[in-house]
Amino acid sequence: NLMDTEALLKEDRTFVPVRFVSEGLGAKVDWDPAVRTVYIDTREKGDSKDDTPKDGSIIEKYGYLVPNNTNIIISKSNNGIIETSILISVLRLDFEKQIEDLVFAIESRFSKDIANEIEKHVRQKKSRWTHLPEKYIYVKETNQYIWIRESQTDSISIEVMVPGYVPDTSE
């Protein structure tokens, strides 16, 4: 896979075309000149949502409601401790919308208060280098903890623990 342009070095950073990197990682890239927007689809081939229109409708994913064009990742876990994982990243397109989608998803499953508490915590992350301490939030109604993992990179991982699991926070 060859680049159709040169890499650019500017202030100690190397810039390469988003299409080159995205397609190199197996994503499908579409350019919409009418709205000057790049759509990067990272879903695996055969994923049932492969032809989902980007129309802003709401879909259900593992018990959470999210816009179908969301940039957050929600995945199911089978390890017996974590029920679902939600991942957002300051390096993925539109971090502000990811936070809004995260709040919407959490509120759809738990409550506005829980969603606000998570939002307040993750908003401390201003860049990929900002340290975000871990935080546990207990949801009394469902008897489960939500664990916002410590983050020292671009990603913030929110783990919804299985009901009844009590994390060891004695460290």
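1. **Basis.** The model is predicted: local features need pLDDT of at least 70, side-chain atom pairs count only at pLDDT 80 or more, and totals for chains, interfaces and linings use all residues. Residues are numbered from 1 along each chain as its sequence is written, and side-chain values use heavy atoms, with hydrogens and water left out.

2. **Fold.** The chain has three helices and 11 strands. Both are DSSP runs numbered from the N terminus: helices are H or I with at least four residues, strands are E with at least two. The order from the N terminus is β-β-α-β-β-β-β-β-β-α-α-β-β-β.

3. **Totals.** The chain has 171 residues, and 30% of them count as buried. Buried means under 20% relative accessible area, exposed means over 50%, and partly exposed lies in between (1.4 Å probe, protein chains only). The accessible surface comes to about 11,200 Å², with 50% belonging to carbon and sulfur atoms. Areas are from the Shrake-Rupley method with a 1.4 Å probe; for residues, only the protein chains shown count as cover. Among contacts (heavy atoms within 4.5 Å) with a separation of 6 or more, 36% join residues 24 or more positions apart.

4. **Helix α3.** Which residues of α3 are buried? They are Ile 114, Ala 115, Ile 118, His 121 and Val 122. The face turned away from the buried side carries the exposed residues Asp 113 and Lys 120. Cover for the buried residues includes α2 (95-109), β9, β10 and β11.

5. **Val 122.** This residue is in helix α3 (residues 112-122). Val 122 counts as buried because its relative accessibility is 0%. Leaving out residues up to four places away in sequence, Val 122 touches Ile 99, Leu 102, Leu 132, Ile 148 and Ile 156. Val 122 and Ile 148 are 26 residues apart along the chain, yet their C-alpha atoms are separated by 8.2 Å.

6. **Aromatic pairs.** The whole structure holds three aromatic pairs. Rings of Phe, Tyr and Trp (its six-membered ring) pair if their centres lie within 6.5 Å; planes under 30 degrees apart count as stacked, over 60 as edge-to-face and the rest as tilted. Tyr 136 and Trp 147 are stacked because their ring centres are 5.8 Å apart and their planes meet at 5°. This pair links strand β9 (residues 135-139), which holds Tyr 136, to strand β10 (residues 144-148), which holds Trp 147, across 11 residues. Tyr 136 is partly exposed at 24%, whereas Trp 147 is buried at 17%. Tyr 138 and Tyr 145 form a tilted pair, 4.9 Å centre to centre with 50° between the planes. Tyr 138 is partly exposed at 37%, and Tyr 145 is partly exposed at 21%. Ring pairs join Tyr 136, Tyr 138, Tyr 145 and Trp 147 into a cluster.

7. **Salt bridges.** Side chains of opposite charge can pair when their charged atoms come close. The rule here is a side-chain nitrogen of Lys or Arg within 4 Å of a carboxyl oxygen of Asp or Glu. The count comes to seven. One of them joins Lys 135 and Glu 117, with the closest N and O atoms 3.8 Å apart. Lys 135 lies in strand β9 and Glu 117 in helix α3, so the pair ties together parts 18 residues apart in sequence. Another joins Lys 112 and Glu 107 at 3.6 Å. Glu 96, Glu 119 and Arg 123 are linked in a network of salt bridges.

8. **Around Glu 159.** Arg 149 and Glu 159 meet in a salt bridge at 2.8 Å, N to O. Arg 149 sits in the loop between β10 and β11, and Glu 159 in strand β11, 10 residues apart.

9. **Ser 157.** This residue is also in strand β11 (residues 155-161). Ser 157 is buried, at 15% relative accessibility. Its side chain makes a polar contact with that of Glu 159 at 2.9 Å. A polar contact is a pair of N or O atoms within 3.5 Å; within protein, one must be able to donate a hydrogen and the other to accept it, and residues adjacent in sequence count only if both atoms are side-chain atoms. Beyond four places in sequence, Ser 157 touches Ile 86, Leu 87, Trp 147, Ile 148 and Arg 149.
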